[in-house]
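Hi,

Here is the structure I promised to pass on. Could you load it and read along with the notes below?

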Amino acid sequence: AVLILLHAGETRQTFELPPVAAQMKWRVVLDTSQPSPADIHAGLDGPMLEGTRLLMPGPCVCCFVENGR
């Protein structure tokens with residue numbers, strides 16, 4: 001499974017995962033709010049998403065893959 005969060009706003013925004021996604025464990029693959037080269041984890045070795053909420057600075061894109069599948 002893949003989860004993509006898009007934030008086009010100019011201010012920080014908290015995103016809450018939908019109930020189905022909140023039951024899964026997610027690993028960061030892409031986070032454009034981070035400086036290069038920490039923004040891309042091509043080896044699927046990015047950090048785990050902690051909890052069911054994510055504070056995103058704007059604008060940015062975050063992509064996650066389900067861990068363990």
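Leucine 44 has a relative accessible area of 48%, which lies between the 20% and 50% cut-offs, so leucine 44 counts as partly exposed. Please keep in mind that this is a predicted model. Leucine 44 sits in the loop between β3 and β4, and its backbone deserves a look: phi is near 55 degrees, a positive value in a residue other than glycine. For context, most residues other than glycine have a negative phi.

Glycine 43 belongs to the loop between β3 (26-31) and β4 (53-56) as well. Is glycine 43 buried or exposed? Its relative accessibility is 60%, and because exposed means over 50%, glycine 43 counts as exposed.

Now for the peptide bonds. The bond from serine 36 to proline 37 is cis, with omega near 10 degrees. Proline 37 is placed in the loop between β3 and β4.

Where is proline 59 found? Proline 59 lies in the loop between β4 and β5 (60-66). The peptide bond leading from glycine 58 to proline 59 is also cis, and its omega is near -25 degrees.

Happy to talk any of this through once you have had a look.

Best wishes

Terms used:
Residues are numbered from 1 along each chain as its sequence is written. This is a predicted model: local features need pLDDT of at least 70, side-chain atom pairs count only at pLDDT 80 or more; totals for chains, interfaces and linings use all residues. Side-chain values use heavy atoms; hydrogens and water are left out. Helices (H or I, at least four residues) and strands (E, at least two) are DSSP runs, numbered from the N terminus. Buried means under 20% relative accessible area, exposed over 50%, partly exposed in between (1.4 Å probe, protein chains only).
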